[in-house]
Amino acid sequence: MADIYELLRGKKDSDGNYQKVPVIVQGITGTFGSLHAKQMLDYGTNIAAGVTPGKGGQKFEGKIPIYNTVKEAVDATNSKVSIVFVPAKFFLSAATEALEAGIKLLVAIPEHVPIRDTMQVIELAKKKDAIIIGPNTPGVMIPGLVKIGIMPASPFKPGNIVVLSKSGTLLYEISNTLTKAGFGQSITIGIGGDPVNGTRLIDAFDMVKDDPSIEGMVIVGEIGGDAEEIVAQHIMDINFKKPIVSYIAGRRAPKEKRMGHAGAIVMGNYGSAESKISMFNMANIPVAKRPNEVAVLLAGKLEKTKD
Amino acid sequence: MRLLEYQAKELFAQYGIKIPKGISSKNIEQARNDAKQLGYPFVIKVQVPVGGRGKAGGIQKCHNDDEFEIKYPQLLDMSIKGEKTRAILLEKMAEYEKELYLSLFLNRSKRCYTIIASSEGGVEIESVKSQVIREVGLGDVDSQTAEEVAKQIGLQGKTIPDFVDMLQRLAKITVEKEVELAEINPVALLKDGSLLALDGKVVTDDNANFRHPEMDKYQEKTELEERAEKSGFTLVELDGNIAVVGNGAGLVMSTLDMLADNGGKPACFLDVGGGATTESVYEALTLVSKMKKVKAILVNLYGGIVKTTTVAAAFIKAYDDKLIDLPVYSRLMGSESEKSKEMLKDTRTKMFDSVEDAINGVVMEVNKRG
């Protein structure tokens, strides 16, 4: 599988610093795309090109070239990373174009992408050995180095805790409490709130689990599907030893109602909070009752590891 | 969206899956005519978008007019798990040998469709031990796969081609209508070896609605839920009296959990979304103001890209316009939260630094008012 760290931060140069990998923004001239392209630039992400069909030749912020196609943008910049801001109904064609043009990490921001379209994009990504993050994700971030997404910068600080989250705002909220408690983040990956994810919780876990620098992990789940159960089983199977704590949103949500996220729905017992919490308990992963409790539980777990 | 049984069966019939003769109605006047047309005996079945109606008494047999006149109004007035009756289905009873189970289901973790079939039907599939499970990619099922499944659940003779036919038609629905779940539970195995869909459950992918205008007629959203959707946010109406408003589905769910943990009763789940503006929050407050049961509003916002002042401005406008006259307990976190607090200090909005404090406050307020 493609290496997410290499795609996000490149290789170290002779001075031991990571290069800034070039990133393409698809839909850079839209309201949402331009707002976040600017925010990513401010954070220090190397936005190398934008793509908007029909606007090729123009410049974003007076300096970043805009191309009509992803292929042209890739040819000009050598970029392997793209973030997509197109409306949901155009996601399938935008993502297909990107993967065909050689993009290896595609961050899919749009919410409300039809599941069938996502499934088709995932099939293509498998063939191309590419990573899809999302759709309906806040994005991916290595605090202090690179932000490819729509998350605000303020909750995050560099550190050694991994945060994986289905929800965007809970990712910000919980990272903020971690930061305040002195736990910076080594990487944060938004899984997204859709029923089908390009990078599943277990995939995200596998992408980061072998990074020797990580000290612990926070998994922010929610009702719907069985991604949490599967990652809990996996953690037991591989006997992963580093401290993990979790939070699950939607414990008190009614069954068979979609709670905002397309994926946040309990059908029968499939997707229930009880099922997820009991699996995490089996895997010796404490589940916080409130977002604010996460940092406390993590501190406790880290303390035990030291003993 | 989740189709009601009679809607799912309409879809089944349209795709050539055999269903019992039945007629749906929403009032007894019409139903009396339907009863004549159908002829006794028949079953009357409550149409609600949740499971468990059999246990709740939502399915009754009728043998004559007297039974019908008593039972129909009872079922029409029924509520199951907080869901009111949407319609009543009158349906001929079928004599059958055996109940089977069949569904096509989006397996989210494997990211493919899965056939689940069993020789035991009519009960929740989770409780059935002998299941046959087959992964089928994007939902297309070829006849060979269907035949193998038929044999694996022990079907024989002419039932096998009947099952293959039913499964392939169900697969066609799954693919063409973009469904997350298409379930027939039970499938009746009739005396002559043929199969009949006795119940139907279909859940479609809401995000694909734009490709299926023909399905709009099945939309069962409330007026408020529809208005919310048009404004780009999500509203789920609930039974309680405290409106829960926030940005981001996860954060609103989490707020709802904490409120319920503390004895509060959520009146709604309202996610104003990531792109909240003063106008959209004002519209959200308009919707809340239309819910008569609401006694207080709990707001939990994590301002990131959306500034909390954007939201505060909407509250001030709502008070000025006399749109809301409710106490608001809020926690505004993140960008420009200090400025928001200043803006709202002379209003009925109480500001808290932590959501836990805001929740304690709102629960006490509502309890005090009784």
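In what order do the six strands of the open sheet in chain B run? I looked that up at the start, keeping in mind that this is a predicted model. The order is 14-16-15-17-18-19, and the pairing is mixed.

**The edges of the sheet.** I then checked where this sheet ends. Strand 14 (234-237) and strand 19 (349-351) of chain B are the edge strands; each has a single partner strand, so one side of each has no neighbour in the sheet. I also looked up the twist, which averages 20 degrees from one strand to the next.

**Around strand 19.** Strand 18 (residues 328-334) of chain B pairs with strand 19 of chain B in the parallel sense, over three bridges. For one residue I noted the partner by name: B:Tyr329 is bridged to B:Lys350 in strand 19 of chain B. Next I asked which helix packs on the sheet here. I found helix 9 (residues 308-320) of chain B, which touches strand 17 (296-303), strand 18 and strand 19 of chain B. The direction of helix 9 makes about 160 degrees with that of strand 18 of chain B.

**Chain B as a whole.** Stepping back, I counted eleven helices and 19 strands in chain B. Its C-alpha atoms fill a box of roughly 80 × 50 × 35 Å along the principal axes. Of the 370 residues in chain B, 45% are buried. I also looked at contacts in chain B with a separation of 6 or more: 67% of them join residues 24 or more positions apart.

**Where the chains meet.** I turned to chain A and its partner. Here 47 residues of chain A are in contact with 45 residues of chain B. On the chain A side, helix 5 (115-128), helix 6 (168-180) and helix 8 (227-237) each supply at least two residues. Helix 6 of chain A gives the largest share, five residues. By class, I noted 24 nonpolar, eleven polar and twelve charged residues on this side of chain A.

**Two domains in chain A.** The domain assignment gives domain 1 (4-133) and domain 2 (154-306) of chain A. Their C-alpha centres lie 26 Å apart. How many residues of domain 1 of chain A are in contact with domain 2 of chain A? I found eleven, and they meet eight residues of domain 2. Helix 5 and strand 7 (131-133) of chain A each supply at least two residues of the domain 1 side, with the largest share, five residues, coming from helix 5 of chain A. That side of domain 1 has ten nonpolar residues, one polar and no charged ones.

Conventions: Residues are numbered from 1 along each chain as its sequence is written. Chains are lettered from A and ligands numbered from 1 in the order in which they are written. This is a predicted model: local features need pLDDT of at least 70, side-chain atom pairs count only at pLDDT 80 or more; totals for chains, interfaces and linings use all residues. Helices (H or I, at least four residues) and strands (E, at least two) are DSSP runs, numbered from the N terminus. A residue is buried if 20 or more other C-beta atoms lie within 10 Å of its own, exposed if 12 or fewer, and partly exposed in between; C-beta atoms are placed from the backbone. Two residues are in contact if their C-beta atoms, placed from the backbone, lie within 7 Å. Ala, Val, Leu, Ile, Met, Phe, Trp, Tyr, Cys and Pro count as nonpolar, Asp, Glu, Lys and Arg as charged, and the others, Gly among them, as polar. Domain bounds come from an automatic or database domain assignment. Two strands pair if DSSP finds at least two bridges between them. Axes are lines fitted to C-alpha atoms, for helices over the stretch in contact, and angles run from 0 to 180 degrees between N-to-C directions.
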